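Work through the two exercises below with the model open. Try each task before reading its solution.

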Amino acid sequence: MTVLPGAHFWRGKRVFLTGHTGFKGGWLALWLRQLGAEVQGYSLEPPTEPNLFTLARVGEGLTHQIGDIRDLATLQTAMQGFKPGVVLHLAAQPILRLSYDAPVATYATNVMGTVHVLESARHTPSAKVTLIVTTDKCYENREDCRAFQEHDAMGGHDPYSSSKGCAELATSAYGRSFFNKGDQVIASVRAGNVIGGGDWARDRLMTDIIAAVVRGERPVIRNPQAIRPWQHVLEPLSGYLRAVEYLWSVRPKVPECWNFGPEAESEISVAEVANRVCLLWGFADGLQITPDARQLHEAHYLRLDSAKAHRELDWHPRLKLDEALALTVDWFRALHDGKEMRDVTLAQIDAYQKKM
């Protein structure tokens with residue numbers, strides 16, 4: 001059974017969270033507040049309209065600051081002023097296909113933005129644990145159908161994946177040069193394709209499918225055979241929280257990293273996920289397969305080996321894929337029905353924590 005984050009640890013902890021206006025950051029901000037943490041969010045304005053931050057009123061109960069991680073001076077002033085015990089870095093340019101259109105901005109945000117967070121944290125004495133969130137795409141993917149382990153080489157064919165590999169290298173260098181020698185420790189964490197309510201980012205499969213079926217249209221799929229490690233957003237977030245608790249207690253002398261991926265049964269094709277979502281929504285007209293006109297390179301197969309997280313953090317996925325898909329569809333159906341989305345989101349977090 002997975003060990004879930006403990007309210008006894010988080011109650012009263014001061015947490016500086018970048019990216020709180022985004023999808024994963026919004027869910028994490030709500031969870032941290034539910035656990036009793038004092039949170040300062042630092043991020044750009046919500047990246048889409050609609051967005052989770054507004055619908056679930058994520059900004060209520062935390063210190064909300066609009067800021068750019070590319071601005072070192074403002075970021076460092078904000079972090080030092082808040083005096084956090086924990087820094088969680090989720091802010092990013094997260095869209096692979098957008099990185100082809102805006103490579104310079106992608107590297108500026110994902111590489112130098114991460115460096116700025118690391119630099120700010122090392123000059124904030126109260127910041128005992130800093131956790132850098134990257135992605136499964138940080139690895140050099142040779143499409144050999146092997147699950148990536150934490151010691152595998154960093155790489156990336158496209159600017160997004162490469163920028164995340166660079167962020168990992170920067171985190172490792174900062175860890176070995178400045179952290180993990182005294183009171184301050186850092187680590188990085190990597191997860192796969194996350195799904196869940198409230199993600200309207202460009203080229204997101206779940207949101208595109210549901211938007212189409214609500215309109216009564218057949219969802220358009222561009223890369224139907226691609227295999228991804230699908231998981232609900234709460235799965236890796238629970239791992240991130242567990243990682244912080246471990247780092248706070250153990251204080252490792254070298255910078256750590258962990259993968260948080262689903263079980264093998266959740267590694268299925270884009271087309272299969274799309275079909276299951278259509279069935280859950282009650283849409284029977286099927287998919288429309290449209291080849292990618294731009295023919296941009298995307299990895300066909302991605303898989304993470306999470307044995308290290310299982311072993312060291314006692315972290316295991318709690319949701320089967322069909323449960324994760326159902327939670328996501330339920331969230332969007334509640335939105336479609338006019339429900340109060342902060343209550344819906346908090347209820348899903350609470351149910352996840354209680355799940356055996």
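**Exercise 1.** Sort the lining of the second largest pocket by residue class: how many are nonpolar, polar and charged?

*Solution.* Step 1: apply the classes. Ala, Val, Leu, Ile, Met, Phe, Trp, Tyr, Cys and Pro are nonpolar; Asp, Glu, Lys and Arg are charged; the others, Gly among them, are polar. Step 2: count. The lining has six charged, four polar and four nonpolar residues.

Step 1: Of the 14 lining residues, E150, E168, S172, R190 and C257 are closest to the centre. Step 5: assign elements. α7 (159-177), β6 (185-191) and β11 (256-260) each give two or more residues to this lining. The largest share, five residues, comes from α7.

This is a predicted model, where local features need pLDDT of at least 70, side-chain atom pairs need 80 or more, and totals for chains, interfaces and linings use all residues. Residues are numbered from 1 along each chain as its sequence is written, and side-chain values use heavy atoms, without hydrogens and water.

**Exercise 2.** Describe how helix α8 packs against helix α12: at what angle do the axes cross?

*Solution.* Step 1: take the axes. Those of α8 (residues 205-214) and α12 (residues 321-336) cross at roughly 45° and come within 11 Å. Step 2: name the arrangement. Step 3: list the contact (heavy atoms within 4.5 Å). α8 supplies M206, T207, I210 and V214, and α12 supplies L325, T328, F332 and H336. Step 4: classify. Five of these contact residues are nonpolar, three are polar and none is charged.

How values were computed
1 Å grid on protein atoms, 1.4 Å probe; cavity = no way out; pocket = protein on both sides within 12 Å on 5 of 7 lines; lining within 4 Å. Helix = DSSP H or I, 4+ residues; strand = E, 2+ residues; numbered from the N terminus. Axes fitted to C-alpha atoms, helices over the stretch in contact; angles between N-to-C directions.
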